[in-house]
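Please go through this model with me, one question at a time.

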Amino acid sequence: MSKLTKNQKLALEKIEAGKAYSLAEAAEKVKEVNYAKFDASLDIDVRLGVDPRKANQMVRGVVTLPHGTGKQVRVLVLCNADAEAAAKAAGADYVGLDEYIEKIKGGWTDVDVIITQPAIMGKIGALGRVLGPRGLMPNPKSGTVTNDVAKAVEEVKKGKIDFKVDKNGIVHSSIGKMSFTAEQMKDNAREFINTLIKLKPSASKGTYIKSIYLSSTMSPGIKVDSKTVDE
């Protein structure tokens, strides 16, 4: 087991062992225990009472965070020529088609989100081996395969993120930055959690939200009392 650093020890001393904090308290506390010298991410981990191995218990969705993610999202739009101008006007960082498909085939993936049109998916299918492992493959369920590429770009730039439960039943996502106010952190976390609640599969029995933790990139996790989300 690795030895705790001085900063890690100081952070742990500020957290009451076994306590589940209200969402508002947890947002304050995660700022208090953050010791990173850079603008660390605000992360959320939610353990769900689902079995992701069963298709009828898979949880996947999208959420638009009220205060955005706090980071610059690089967007590539693969589209027909008649949609290029609208995509650029909406703020896309890269717009095109064949030239970018060739770049991706060569291993280029220097983007955060790829948006495309349904008619283009036939050309992109061959890129699955490159894009799939990096979570970049466009998907209609996440809103990244659409005829209205301009709207999709605007939503992503404003703070729309997609998520899905992992094989252990945990949903992990970055939902802000440490430079956010505690109120902004609380708002983003509440929106994320409430979106998860709306996506509860009918096949899920028993307790659905099993645990919630907030943390920064380098801080210990702060346990959140799920009953306080809407306070």
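Q: Leaving aside its neighbours within four places in sequence, which residues is Thr195 in contact with?
A: This is a predicted model, in which local features need pLDDT of at least 70 and side-chain atom pairs count only at pLDDT 80 or more, while totals for chains, interfaces and linings use all residues. Residues are numbered from 1 along each chain as its sequence is written, and side-chain values use heavy atoms, with hydrogens and water left out. Thr195 is found in helix α8 (helices are DSSP runs of H or I with at least four residues, strands are runs of E with at least two, both numbered from the N terminus). With contact meaning heavy atoms within 4.5 Å, and neighbours within four places in sequence left aside, the partners of Thr195 are Val62, Val63 and Phe163.

Q: Is Thr195 buried or exposed?
A: Buried means under 20% relative accessible area, exposed over 50%, and partly exposed in between, with a 1.4 Å probe and protein chains only. Thr195 has 12% relative accessibility, so this residue counts as buried.

Q: Which parts of the chain does the pair of Phe163 and Phe192 tie together?
A: Rings of Phe, Tyr and Trp (its six-membered ring) pair if their centres lie within 6.5 Å; planes under 30 degrees apart are stacked, over 60 edge-to-face, and the rest tilted. The count by this rule is four aromatic pairs. Phe163 and Phe192 make a tilted one, with 5.0 Å centre to centre and 55 degrees between the planes. Because the two residues are 29 apart in sequence, the pair ties together strand β6 (residues 160-164) and helix α8 (residues 182-198).

Q: Which residues of the largest nonpolar core touch the most other members?
A: A nonpolar core is a set of buried Ala, Val, Leu, Ile, Met, Phe, Trp, Tyr and Cys residues joined through side-chain atoms within 4.5 Å. The largest one has 37 residues, and its largest share, six residues, comes from α8. Another core, of 16 residues, lies apart from it and has Val95 and Ala150 among its members. In the largest core, the residues that touch the most other members are Ile44, Leu48, Ile175, Phe192 and Leu214.

Q: Which are the edge strands of the open sheet of four strands?
A: Strands pair if DSSP finds at least two bridges between them. The order is β7-β1-β8-β9, with antiparallel pairing, and seven bridges join β1 to β8. Leu42 stands opposite Ser216 in β8. The strands that pair on one side only are β7 and β9.

Q: What angle does the direction of helix α4 make with that of β4?
A: The open sheet of three strands has the order β4-β3-β5 and parallel pairing. Helix α4 (residues 98-105) packs on this sheet and touches β3, β4 and β5. Axes are lines fitted to C-alpha atoms, for helices over the stretch in contact, and angles run from 0 to 180 degrees between N-to-C directions. The angle between α4 and β4 is about 115 degrees.

Q: How far from the centre of the ring of Trp108 is the charged end of Lys103?
A: Trp108 forms one aromatic cluster with Tyr94 and Tyr100. A charge sits over a ring if NZ of Lys or CZ of Arg is within 6 Å of the ring centre and within 35 degrees of the ring normal. The charged end of Lys103 sits over the ring of Trp108, and its distance from the centre is 4.2 Å.
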